[in-house]
Amino acid sequence: LPKKFHGTEKNVWVEFSKLAVDHQALNLGQGFPDFQPPQFVLDALKNTVTNGNYQMNQYTRSYGHPRLVQALSKVYSPLMNRTIDPMSEILISVGAYGSLFSSLNGIISPGDEVIIIEPFFDCYDPMVKVAGGQSVFVPIRPTKAGVEGPTSSVDWKIDESELESKFNQKTKAIIINTPNNPLGKVFSREELEMISRLCIKYDVICISDEVYEWLVFGESKHIKIATLPGMWERTLTIGSAGKTFSATGWKLGWTIGPANLLLGAQCMHQNCNYNCPTILQEAVALAFEHELPKIDTPECYFKQLPLEIIPKRDMLISLFNEMGMWPVIPDGGYFLMADISGIDVDLSGENPEEARDVKFVKWMTKNKKLTAIPPSVFYSKEHQSVGENYVRFCFIKEDTTLNKAVDILRKWK
Ligand code: PMP
Ligand code: GLN
């Protein structure tokens with residue numbers, strides 16, 4: 001195995017999805033809905049397949065199918081407070097994974113440092129490594145850790161001086177993720193302003209992973225860092241059709257940013273993928289076009305989905321409160337972290353080399369037939385101890401699935 005892959009051999013999704021299948025466990029681990037995407041999304045694909053246009057089945061424009069980039073420009077221009085040029089300021093890739101990959105490879109040169117805010121979606125660090133860069137980690141810290149009772153993702157904060165101490169001459173980029181997976185933290189305007197101040201001061205590019213942008217709850221508001229003063233010209237914003245339309249298997253993602261910052265990503269993409277599936281890009285374009293006329297109304301799918309999943313989140317919150325497995329209440333996304341530090345189970349049969357949360361989830365999968373995700377995988381070795389007191393549960397599931405989880409956990413208690 002080439003050296004650049006050393007340390008990346010294990011993958012949490014590969015490992016825990018298999019574990020769930022092997023033990024026929026209820027899977028609240030990997031983040032995907034266990035229900036159909038909305039009918040208009042399915043119809044969009046059906047219409048694309050049956051419209052008789054042969055071009056739907058052939059190559060399309062490398063950087064993004066014209067109808068899709070045009071639809072994205074219409075959706076995102078008002079949100080970015082500027083007119084986004086569909087042809088030069090948007091790049092379609094294979095899922096947000098592909099967007100992160102092409103974006104990171106497009107800007108990193110060997111020896112560059114990339115600051116990653118923890119907890120982070122696990123692929124960031126391997127991607128930085130493969131691109132020849134070096135990750136530098138800064139944790140969002142739980143200011144109310146150890147509190148007996150539920151806490152909020154708002155209580156998890158970045159220390160400004162700690163963050164600033166990581167910026168230096170070699171820093172090329174910072175990766176942020178809001179709403180955050182796995183925390184459910186929605187970055188506040190003040191937090192984003194603090195990050196932008198540092199990006200501008202040290203001349204650093206911001207990669208903003210916003211795949212859960214539509215999934216914000218209650219009073220929380222998703223703010224795009226690219227809209228803050230001085231940030232458009234240094235930000236690449238990433239979105240995902242899989243998350244937007246509850247169709248994670250469709251694997252289409254996009255990067256939006258200034259043309260000069262996208263050049264490297266385009267080079268990567270045109271030579272590695274050339275284009276993404278035409279038929280899916282057309283269908284996603286139709287799906288956006290379907291929602292565009294009502295985008296500012298409560299009927300829009302982007303407003304309906306969060307309302308649909310709030311009761312699901314709340315179901316898990318009350319269950320974990322009952323169990324003393326104190327939840328960190330998320331303001332966005334579709335995951336919830338529960339504190340397992342007070343839960344006494346016999347983990348002596350598990351591998352002692354592994355973090356407590358990893359052992360806990362393996363034990364729970366085997367003995368309780370319930371799978372989740374151990375959040376320590378979203379941390380560097382150095383800060384793993386912050387994550388290992390928690391377990392992440394995915395709540396974008398049918399109520400019947402969640403009820404089964406409730407049954408399992410109640411009986412256990
Ligand atoms: N970023 C985050 C924060 C994620 O949770 C995910 C998981 N879907 C991705 C990126 C990758 O998205 P996609 O499935 O569109 O590749
Ligand atoms: N983004 C999803 C999650 O966090 C899963 C990604 C994957 O399965 N590779 O659960």
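**Close-up views of a predicted model**

**View 1. The shell around ligand 1 holds four nonpolar, eight polar and two charged residues.** Here Ala, Val, Leu, Ile, Met, Phe, Trp, Tyr, Cys and Pro count as nonpolar; Asp, Glu, Lys and Arg count as charged; the others, Gly among them, are polar. This is a predicted model: local features need pLDDT of at least 70, side-chain atom pairs count only at pLDDT 80 or more, and totals for chains, interfaces and linings use all residues. Residues are numbered from 1 along each chain as its sequence is written, while chains are lettered from A and ligands numbered from 1 in the order in which they are written.

**View 2. Ligand 1 is surrounded by 14 residues.** The closest are Gly95, Ala96, Tyr97, Phe121 and Ser240 (near: C-beta atom, placed from the backbone, within 6 Å). Helix H4 (residues 95–107) gives the largest share of the shell, three residues. Helices (H or I, at least four residues) and strands (E, at least two) are DSSP runs, numbered from the N terminus.

**View 3. Four strands make an open sheet, ordered S6-S12-S13-S15.** The pairing is mixed (strands pair if DSSP finds at least two bridges between them). S6 (151–152) and S15 (390–394) are the edge strands, each with a single partner strand, so one side of each has no neighbour in the sheet. S13 (residues 335–339) and S15 pair antiparallel over five bridges. Leu336 has Phe393 in S15 as its bridge partner.

**View 4. How confident is the predictor in this model?** The chain averages a pLDDT of 96 (confidence in each residue, from 0 to 100). The complex has an ipTM of 0.98 and a pTM of 0.97.
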